[in-house]
Amino acid sequence: MHYDATLVEARVRRFRGERLVPALYRRTEPLDLAFWEVPDEPVPFATAVGQQFLPARHGMVWGKPWGTVWFHAEGKVPAAWAEEKDTRAELVVDLGFTAQQPGFQAEGTVYSSSGTIIKGVEPLNRAVRLDVGAGGEIDLYIEAAANPNVAQDFLFIPTPYGDKATAGDARLYRLAQIEAGLLDLPVWELQQDVEALMGLMGELPESSQRRAEILRALDRMVDAMDPDDVSGTAAVGRRILQPVLAQPAAASAHHLHAVGHAHIDSAWLWPTRETVRKVARTFSNVCDLIDENPDFVFAASSAQQYAWLKQSYPELFARVKEKVAAGNFVPVGGMWVESDTNLPGGEALVRQFVAGKGFFLREFGIDCEEVWLPDSFGYSAALPQIMAAAGARWFLTQKISWNETNRMPHHTFRWEGIDGSRIFTHFPPVDTYNSDLGGAELARAERQYAEKGNGTTSMVPFGHGDGGGGPTREMIAAARRTRSLEGSPTVELSSPRTFFEAAEAEYAEPPVWSGELYLEFHRGTYTSQARTKRGNRRSEHLLREAELWAATAAVRAGAPYPAEELRKAWETVLLQQFHDILPGTSIAWVYQEAERNYAEVAATLGTIIEAAAHELLGRGPVAAVLNASPYPVAGIAAFGAGPEPAPEKRNVSRAGDGFVLENDAVRIFVDQAGLIRSMYDKIADREVVPSGSAANLLQLHRDTPTQWDAWDIDEHYRRNTVDLVDVSALEIVDGPAGTALRIERTFNSSQVVQYLSLDSRAPRLEISTEVDWHEQKKLLKLAFPLDIHAERATSEIQFGHIHRPTHANTSWDAARFETVAHRWVHVGEPDYGVAVANDSTYGHDITRSAHSGRATTTTVRQSLLRAPVFPDPAADQGSHRMATSVVLGAGIPEAVAEGYRLNLPLRTIGGVERTTVDPLVRLDNPALVVEAVKLAEDGSGDVIVRVYEAHGTRARGTLTTDFSHNGVTETDLLERPRESSALRKSDANNTELVLRPFELVTLRFGVPGR
């Protein structure tokens, strides 16, 4: 038989594009249009409708970057449309959309004349039902947002659009259409039939009988239809296609649970104020879709986004609340935002759940049991325990599908964290969280599903995200046609809970993945936008201080506990831990706002700390020092206060052609280039710097990622290195930490000033690095070669630490060439180690190299600064300060203590009467760390103490409380009683604890009379 399938496919595609799609609307009717341009930031509906509107027309140019224009559309539905069967009247809007992508451009919100949000309009979601009969009045407003295309097709070139100050005033969009349209329902249904069949056909083998049957049917459909009367012959076309659509799926077909979703980044290539409007547009779309499809379920995460909706759009929030109660709109995730999980501290990740789950419980009565983080840039090995302690059962992620080197071996598995906690995890094989349920994506899900033979089920989150408007009626139609379709996986409109319960039931013993889910991509996110990372670190520790002293003042002095101020500060910090803010991948506007927010948080918390200190110490002529660290510092007890310690003597002197920093524990030699040539441990009688090497070496690398600028550090950066060895000044000065060696270097347009000082007693070198940074596409690292044979490096993460190989034996090891750590890293041999701590640096690389024949040494390098040009062309430009400390002869216990000391410095409070405060709580085992002391979230006045095991050992200790209480209960993170795992016994003052390695425990002490 002579039959050219390629030509037939081309014929069908052309018929679809030239005949079918243009026939979707039988008629259109022009409307009277007017507009008002908002002078600056968006205004509410009530303000906009009171303005003077000017005549508007199709073809007009509108919208300066980040501007808003309100359009007013008036008219009538033509009375003659009442005679048209199988139709419905709609408003059809084209603000000048680029149809190639669903978001990242202009968007609109349609309002009734009374101010009720009806629906959003976006490039691939342009229609709005007109709930008026033929002859009825149309009176609608459209809030049109002129969001610029910052992405520019992701060419990663600098753009001025990320900052209002540089975005300009040129109008971006040309109004194409605001009209009434008469949708032809049979034509629309036929289009959905054709899309489903063509999508399936494209995934079947050319030799497939099924493919040939579909192609023949489509060919006959084109033959039978009148191209000049598509509307009149659409029913004929549907009848021809019905037999191939009715063929049921194979019994062994993969089964997909299709869950409606719209991944809305809380900030990214737009500021948070625009996210508020994106949420309103998307959630109104979803409510409209639920009204038409009662079996449709939509899942949305991020309590922050619901909170914005409640504040800015209370009427729409009430509608969402109704859909939640009906089970169609499902809050998921249980976190305040879809947070990054590499960079936030342990207590911050806890509060993501406390704040998020607390909001969902208060507003909806829902306790989310699934954690929903499809897009974060890798997942900390501490997360399983935190999720479990928050009451979660299931975890969903997607981003690991972006791995550059290795493919994850599982799609459904149990993920084991550092303490041994395991959580049932799903990683959708469809490899997207923005599916359109097209044939290509359904086939990919079935093809890639790694659990074949053991499981049959996966999830597919579907809907346009980030301003695309979420799921569409076309996607619902696709799901219905593939519910059981031969050659396709079966598709069920479902919910997250339904999926997880089904997957868990059929695969009761899935494989286990232990340790971090490291993303082999986006490694630059540990370093980009250093000021924001510093702001986060400082805010986390300030919040710890504020809660500790406020709780102590409340219990000891009866002072009011500033719960509302602390809640707001936490919510600000938690928002900025979103996975495109804290990692440094957003536009300039976002970081300008973040810096202002961190400054406000610091001011608020500083006031709280001062007020609490004066409640405890009174007012008078002396000064006291507060220690919020869980370890004693300079003779001041952990969580206590004492008199100011005597200033330490810093020993720095000239020695031959360099300088010596020396105390009873160590001697450090710095040469005339400001490089450390020797770090001699007197106690261990051991040289730590390899012969011929230099520590405290600043290195400048070319940093030109292959694609995602702010996101990526690519391995080839190592091939272009400049050691910064030239000095402009080298002198002994009185620096920030007392007498210090000051080293100044200039290079290109930048300058670095370092202060090196030595603790008067401890084997600890302190380095303060100040950088005036004016590079672009460069990476600045600080290197410490160490004469240590370390097979692995240990890095602090939330509530513990993780070991990573220093070698590259496997592709998994080699891909992990840049890693994240919190306050410290440690490298060591069985009997000797060195800790390198920091106060704001997260990115590290730790490697082994051959030295002097058979010897192997280890180099620890901190990634201090980057200078990407997309999406923020001025990223990291300007002044920075970071602190580093190097502790010789350190084990893990010393590393833990140093991390806290460096990040929680003693705080001097002047104008007090007394100088001492006894700690509210004490622990007698340094392996057990008190991470938080606060009052209970419910306002009862009970004291909450959070403890974790920090050394990786099974540890026993006694927690001593210096306040009256009526008993202690072990709780989950939301402070609800749970079965005790660590609590052994307790009396009026002492609570005995036994914790597993890295175990996290929350204790609630009932305080009578509060």
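## Aromatic rings

A search of the whole structure, which is a predicted model, finds 45 aromatic pairs. A pair of aromatic rings is described by the distance of the centres and the angle of the planes. Begin by selecting F104, F154, F156, W268, W270, W402, F521, W708, W711 and F870, and display their side chains; ring pairs link these residues into a cluster.

Next, select R537 together with Y842. The arginine R537 lies over the face of Y842, 4.5 Å from the ring centre. A further example is found by selecting R823 and Y900: here R823 lies over the face of the ring of Y900, at 4.0 Å from its centre.

Switch to a cartoon view and look for the open sheet of 6 strands, whose order is β3-β2-β5-β10-β7-β8 and whose pairing is antiparallel. Its edge strands are β3 (54-55) and β8 (117-121), each of which pairs on one side only.

Now select residues 67-76, which form strand β5, and residues 137-146, which form strand β10; these antiparallel strands are joined by 10 bridges. Within this pairing, E74 may be picked out, for it stands opposite D139 in β10.

## Two glutamates in loops

Select E999, in the loop between β52 (990-995) and β53 (1000-1005). Is E999 buried or exposed? E999 counts as buried because its relative accessible area is 2%, while the cut-off for buried is under 20%.

Show the contacts of its side chain. The side chain of E999 makes a polar contact with the side chain of S981 at 2.5 Å, and it also reaches the backbone nitrogen of R996 at 2.9 Å. Leaving aside residues up to four places away in sequence, E999 touches Q385, D419, V947, Y948, E949, S981, A982 and V994.

Finally, move to E648, in the loop between β24 (641-643) and β25 (652-655). E648 is partly exposed, with a relative accessible area of 31%. Residues up to four places away in sequence again set aside, E648 touches D759, S760 and R761. To end the tour, select G738 as well: E648 and G738 are 90 residues apart in sequence, and 7.8 Å apart in space from C-alpha to C-alpha.

Notes
Residues numbered from 1 in each chain as written. Predicted model: local features only at pLDDT ≥ 70, side-chain atom pairs only at ≥ 80, totals over all residues. Heavy atoms only, no water. Phe/Tyr/Trp six-rings, centres within 6.5 Å; stacked < 30°, edge-to-face > 60°. Lys NZ or Arg CZ within 6 Å of the ring centre and 35° of its normal. Helix = DSSP H or I, 4+ residues; strand = E, 2+ residues; numbered from the N terminus. Buried < 20%, exposed > 50% of the residue type's maximum accessible area, 1.4 Å probe, protein only. Polar contact = N/O pair within 3.5 Å; in protein donor to acceptor, adjacent residues only side chain to side chain. Contact = heavy atoms within 4.5 Å. Pairing = 2+ DSSP bridges.
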